[in-house]
Amino acid sequence: MDMLNALVAILNFVVIPAASYGAQLALGALGVTLIYGILRFSNFAHGDTMAFGAALVILITWGLQAIGIGLGPLPTALLALPFGIALTAVFILGTDRVVYRFYRSKRSAPIILVMASVGVMFIMNGLTRLIIGVDEIRFDDGARFLVSVQQFRAWTGLSEGLSLRVSQALTLVVTALACWALFRFLNRSRAGKAMRAYSDNEDLALLSGIDPERVVRLTWLIATALAVTAGTLYGLDKSFKVFNYFQILLPIFAAAIVGGLGNPLGAVAGGFIVAFSEVAVTYPWRKIATYLGFEPQGLLQLLSTEYKFAVSFVILIVVLLFRPTGLFRGKSV
Amino acid sequence: MAEPYLSATDMRGGYGKADILNGCTLTVERGQIAVIVGPNGAGKSTAMKAVFGMLALREGKVALAGEDITRLTPQERVRKGMGFVPQTHNIFPTMTVEENLEMGAFIREDDYRDTMAQVYELFPAVADKRRQNAGELSGGQRQQVAVGRALMTRPSLLMLDEPTAGVSPIVMDELFDRIIEVARTGISILMVEQNARQALEIADIGYVLVQGANRYTDSGQALLADPEVRRTFLGG
C-alpha cells in the first residue's frame, strides 16, 4: 500500500507537473531550434513572442467570453488560439521585414542578429505590458480538473491523492499533436524538406532552386505558431505574467542546446530533460521517502524553488563543456 | 562548323581588384568530356565558377546552346540546363540519399521518378543506401550522391569541381568510369581535376590553364603525349 502511495505521490507531484512543463518547454525549444537551424541565430525574442501571443489570445478570449462563445469543459482560449497565432505571425513577419532581413541580406555575423533580436525582445516586452498590463492574469475557464484528488481517493481508496488538471492534459495532447504535425511536415512535405535542406546546406539549397525568402517566412510562421501555443498553454497551466515569459527563455534555450541546436527531435527531448531535472531537484522528497520506510530528518529538497533556474544553468554548462553539439548532435554553439 | 554547345570566351574577372581570369576560353561540344588542369592558383575552379555564374565577369561571354547567358544567375543557369557539383559541401548531410535526389529535382514540376531510377542505375552503391543519411556515407559514395543530385535536373552540361578530391585511387577510377557513362548519354561534362594524368586520359578535350589564361588546348591524349606538357604539368 505504501509503495502504491509513493508511486501516486511521485506521479502527482513530479511526473505530471514535469511532463506538462516539459511539453511547454519543448514547444518553445522547437521554435528556437528551427530559427537557429534556418536563420542561424539564437532568437532572444522568442520568450516575448510567447508572451505577446498569449496576451493576444487572452484579449480574444475575453472578447469571445463577452459574446458568450465558449468550448464547454475546454478553455475558451483554445478557440482564441488560432486567431492569436495569426495576429502574432503578422507582427513577427513584420519584424523580419523591418529588422532581420536587412542583416540577412548583408550576411551579418550571427551575433549581430542575436543582438537585434534582443532589441526586438525589449520592444515586444514593452508592447505586451502596454497592451495587457503587468498583473497576473488567470484565463482558464471551463472545467478545472480531469481527475481531482477527492475523486481519485474515492476510486482507489489510497490515502495519497492524484489530480490531473484540464490544462495539464490539454498541454500534453496539444504538444503531442503539434510535434506529430511538425515532424510529418518536415519529413514528408516538399516545403518541409526544403526547410531541412536549407538548414543543412544553404548554398546547395540555393543551387537546387529553393527560394530562401520563402523558407525563412515559413520558418517564422511555424516558430510563431509553436511559440504562441506554448505561451498560451503555459499561461493556462500557471497563469499569465509577462515577466515569467522572459524568465522561461533560459530553460527553453537550455532545452534546445541540450538536445542539439537545430535538431527538432533534440528540442523535444531537451524540453523534458530540463523540466524533469528542474522539478526533481526542487521537489521535497520527504513524503515519498517516508512511504518507502525511511525516516528523513529534513525535507529532502535539494534546492529551493526560487533557485529552479540554476538547474537550467547547470545543465547548460555541463552540456556545453562535455558535449557542445548536444545529445542529438545538432550544430555546435 | 556550328558553334560549340558551351562556349565561354575571353573570360576576364576575379573577386577583388586583381583579375584571376585573364582571357580564358572554354568550349565543350555535346557529349564531350572537357577537363581543366593546371598548377595551383591557375584559376581552374574560378574559370568553372565563372561559367556557372558564381563570379561576375568583367569581360567575355558565356553561351549555352547558342544562347547568351552571361548575365544570368547560377539558379537561372540551372534552369537552362547546367548542373554543378561543388568541390565540398555538395550534399545535404542530415537528409537521406533519396531526399538529396529529391532536392536536386526541386525545380522540376513533372514526374522525376524515371530520372531517379536512372541515377540509381548509374550508382548502384548508393541505391542500396537510399534511406540512409547522406552524411553517413563514405567519401566516394557522397560524391556519387552529389553527382546524382546534380543529374536530377537532367542537365545538358554537368560541371564537376574536383570530383575525386580526397577519395582513394580505386574510387577515383570508379568515378571516372561513371562520368564516361554520363557523357555517353549525351551530357557534356566540364571538369576541374587535380589528378591531371588520369583525368586527361578520359578527356575529349583538355585545357591547361596558367595564370588564368589558356596555355595548351588539345585532345586529352595529345596533351598526355606532348613532352612539354608532360614535363611542366604532369611531372615527367
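## Salt bridges overall

Over all chains, the structure holds 21 salt bridges, each being a side-chain nitrogen of Lys or Arg within 4 Å of a carboxyl oxygen of Asp or Glu. Please keep in mind that this is a predicted model: local features need pLDDT of at least 70 and side-chain atom pairs count only at pLDDT 80 or more, while totals for chains, interfaces and linings use all residues. Residues are numbered from 1 along each chain as its sequence is written, chains are lettered from A and ligands numbered from 1 in the order in which they are written, and side-chain values use heavy atoms, with hydrogens and water left out.

## A bridge between the chains

Let us start with A:Arg196, which forms a salt bridge with B:Glu99; their closest N and O atoms are 2.8 Å apart. The pair joins two chains, because A:Arg196 lies in helix α7 (residues 190-200) of chain A and B:Glu99 in helix α3 (residues 97-104) of chain B. Helices here are DSSP runs of H or I with at least four residues, strands are runs of E with at least two, and both are numbered from the N terminus.

Are these two partners buried or exposed? Both A:Arg196 and B:Glu99 are buried. Buried means under 20% relative accessible area, exposed means over 50%, and partly exposed is in between (1.4 Å probe, protein chains only).

## Bridges within chain B

The side chains of B:Asp19 and B:Arg58 meet in a salt bridge of 2.2 Å, N to O. B:Asp19 sits in the loop between β1 (6-13) and β2 (21-28) and B:Arg58 in the loop between α1 (44-52) and β4 (59-64), so the pair ties together parts of chain B that are 39 residues apart in sequence. B:Asp19 is partly exposed at 22% relative accessible area, and B:Arg58 is exposed at 53%. Both residues belong to a network of salt bridges that links B:Arg12, B:Asp19, B:Arg58 and B:Glu59.

Another salt bridge brings together the side chains of B:Lys80 and B:Glu67 (3.1 Å, N to O). Here B:Lys80 lies in helix α2 (residues 74-80) and B:Glu67 in strand β5 (residues 67-68) of chain B, so parts 13 residues apart in sequence are tied together. B:Lys80 is partly exposed, with a relative accessible area of 39%, and B:Glu67 is partly exposed as well, at 38%.

## A buried glutamate

In chain A, have a look at A:Glu160, in the loop between α5 (149-156) and β2 (164-165). A:Glu160 counts as buried because its relative accessible area is 6%. Its side chain makes a polar contact of 3.1 Å with the side chain of A:Lys287 and another of 2.6 Å with that of A:Tyr291. A polar contact is a pair of N or O atoms within 3.5 Å; within protein, one must be able to donate a hydrogen and the other to accept it, and residues adjacent in sequence count only if both atoms are side-chain atoms.

## Cysteines without disulfides

How many disulfides does the structure hold over all chains? The count is zero, with a disulfide taken as a pair of cysteine sulfur atoms within 2.5 Å. Two cysteines to look at are A:Cys179, buried at 9% relative accessibility, and B:Cys24, buried at 0%.
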